[in-house]
Amino acid sequence: MNVVFWLLLIQLFVWLGLIGGLWLVLEVILQITLPVTGWLGTFLTGAVRIGTSAGLAVLWLWLWKKIEYAYFWRTIKKSRRN
Amino acid sequence: MLSIPFLACLVVFSIGAIATFYFTPVIANMMMKRGIFGIDVHKLDKPKIPEMCGLAILIGIAMSSAAALYISPEFSTELLAFLSVVFLSGLIGYVDDRQLLGPRLKPLLTALAGFPILLLGIFDPYPVLPIIGRTRLTIVYPLLIPLAIAVPANAVNMMDPLNGVMAGAGSIVTTVLLISSVFLGRWNAALLSAGLLGCLLAFYYYNRFPSKVFSGNVGSLTVGAALGAIVIIGRLEAIGVIAMIPHIMNAFYGLASVGRLFERREITVRPIKILKDGRLAASSDPKTPITLTRTILADGPKKEKDVVNIFLLLTCFSSILSLLTLLLMVIP
């Protein structure tokens, strides 16, 4: 039941990523304020907040995909050898 | 509301279960007579199984919702929104079963099915998130509602690969929603969850391995949309997402490996093959999409029943994580 163990670990990674990512976005990234005043400051602050949050989400998805692919193809190769 | 809310949930649960239990074989016979059946491709003898029996779930939801309306008329707006979403999604599933909607049109239409919730204003744009607490999403939240129906509807639709997986995993997720809504005292969501759980357990009786009925898109889209609607009405956003991690994993792997929205029938090389001894094995062809079923079979061939049990085990684990999330939401 090696596969079950790995899939449970991946689920744990997804869960921790969701909880941690939400905390990071709402408590840290959305609190960022650039030291620029006026409409440009508001625009830049918004752009930085959205850009960083989106980047974090993409990084999490990319990591998740990498982990899944690495596990899947390694296991397929191993089972073909046996 | 009955003086004992648990009794109200029990009544709604029983009506959903009895209605679905009664109507599933009736619809199955009707479908077989009309030649509406699918082939169970994961069996050596390739049996013919009646399709679109998920219509019984739709009937069960309608009857349990009628009972909920009689018991708790104060929730009439929530029930109207819930029924509208469920029936629109069921209709989309019915059309897809009969005419084959495209891989882009189906998610778009299921997103539109979320509009009754928006129009009736049955949502709270201040969701409570784990660790963080109450948040204010007054602009973003209404924009996310169509997605909150389309994503679970299509994720449940995609996770219907083997006998009993859709109804079994759906029952586990619904149980978590029921427990969470009772724990949080959200009786509107508790009643809806109880009705849906009754329907799903009754349907699971016929759909479990070896299946006597297939739900069809009408069943899976109905169940997914119902889960999405309960999550919004009961303000159980984080709990619902976590409980559905296996569904999200399955959809994400498929989308990531194909690189676009796709329909199962578009895939020419099957991700799973059946061996001469009846066991299932993962295809090692790099062109086939990576699905959760294929990942489960990556370490070697397994019996279909064992693969189904692994699916249900994964959903049980995500349910435990979702109950932990519930604790993180209520701990100050």
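A polar contact is a pair of N or O atoms within 3.5 Å, where, within protein, one atom must be able to donate a hydrogen and the other to accept it, and residues adjacent in sequence count only if both atoms are side-chain atoms. Across the interface of chain A and chain B of this predicted model, 7 residue pairs are in polar contact, both residues at pLDDT 80 or more.

## Basis

Local features need pLDDT of at least 70 and side-chain atom pairs count only at pLDDT 80 or more, while totals for chains, interfaces and linings use all residues. Residues are numbered from 1 along each chain as its sequence is written, chains are lettered from A in the order in which they are written, and side-chain values use heavy atoms, with hydrogens and water left out.

## Interface of chains A and B

Chain A contributes 29 residues and chain B 38 residues to the contact (heavy atoms within 4.5 Å). The two chains bury about 2900 Å² between them, 82% of it on carbon and sulfur atoms (accessible area, 1.4 Å probe, lost on being put together and summed over both). In chain A, the residues that lose the most area to chain B are A:Q11, A:W15 and A:F72, together 22% of what that side buries.
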